[in-house]
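Visitor: I am new here and would like to understand how the descriptions of this structure are reached. Could you show it to me and take my questions?

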Amino acid sequence: MKKTLIIIPAYNEEKNIGAVLDGIRALQPDIDVVVVNDGSGDQTAMVSESHGAKVLNHTFNLGYGGALQSGFRFALMKGYDYVVTMDGDGQHDPACIKNLSEAHTATGANVVIGTRFLSEGYRMGLIRKAGVAFFRAITRLYTGIKFTDPTSGFQMMDKTVFSYLAKGDNYPMDYPDANTIMLLHKKNFKIVETQVHMYHRLEGTSMHSGLRPIGYVIKMVLAIIMVALRRD
């Protein structure tokens, strides 16, 4: 029987993580869940444990990608076959894990990305919208494939992928988005998209709020250049 692990990176998500875990448990009671508490200064770890999740604790904040890589290493160590990555702020609808799984079965893809843009309804600010459009164009230019949501963190990966990303510097510590799609394409992994539902975060401030998208774009452009120059 194939084993799947849901990995949730979480930083100061005490107000959201309980509802996220309850939602997963109600719809996916047989799938294991690990929360990677990425150096939170609040009660994220305690709330996660009280809602039945296994918790991995970082002593300090490594970043979104660093937290996910800890989850990949845990999945590898425990012998899981697939991982599903979800955010800890309530953006990702656990009912759509089924969409990811069905797309994997239908296509044999190594990575299935959940996209919020194959149907109407999801709205975002102008700066973020421009950023997504920019990275959508970059990934299409590099891969020849149209990815509508290259910044989506709602994904399913098979073991060949997460075991590769668990190693060394194969996964960025901060933003694993378009650069990771390009890297996996370069390594000949098959990547597809499928429609999922996404919502805006339940409580608190997004890591892409305010002027942060500008810094994100600069870092991501540098990361994309590094992927293009990478020779291994």
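Visitor: How many salt bridges does the structure hold?
Guide: This predicted model holds two salt bridges.

Visitor: What makes Lys98 and Glu102 a salt bridge?
Guide: Their closest N and O atoms are 3.9 Å apart. The cut-off is within 4 Å, so the pair counts as a salt bridge. Both residues lie in helix α4, four residues apart, which is about one turn of the helix.

Visitor: Why is Lys98 called partly exposed?
Guide: Lys98 has a relative accessible area of 47%. Buried means under 20% and exposed over 50%, so Lys98 falls in between. Glu102, at 46%, is partly exposed by that reasoning too.

Visitor: And what makes Asp149 and Arg116 a salt bridge?
Guide: Here the N to O distance is 2.7 Å, and because the limit is 4 Å, the pair qualifies. This pair links distant parts of the chain, 33 residues apart. Asp149 sits in the loop between α5 and β6, and Arg116 in the loop between β5 and α5.

Visitor: How do you know whether Asp149 and Arg116 are buried or exposed?
Guide: Asp149 has a relative accessible area of 0%, and Arg116 has 5%. Buried means under 20%, so Asp149 and Arg116 both count as buried.

Visitor: Why does Asp87 have no salt bridge?
Guide: Asp87 is buried, and its nearest side chain of opposite charge, Arg116, is 7.4 Å away. A salt bridge needs a distance within 4 Å, so Asp87 has none. Asp87 is found in the loop between β4 and α4. Leaving out residues up to four places away in sequence, Asp87 touches Ile8, Val20, Tyr64 and His92.

Conventions. Residues are numbered from 1 along each chain as its sequence is written. This is a predicted model: local features need pLDDT of at least 70, side-chain atom pairs count only at pLDDT 80 or more; totals for chains, interfaces and linings use all residues. Side-chain values use heavy atoms; hydrogens and water are left out. Helices (H or I, at least four residues) and strands (E, at least two) are DSSP runs, numbered from the N terminus. Buried means under 20% relative accessible area, exposed over 50%, partly exposed in between (1.4 Å probe, protein chains only). Lys and Arg count as positive and Asp and Glu as negative; His and the chain ends are not counted. Contact means heavy atoms within 4.5 Å.
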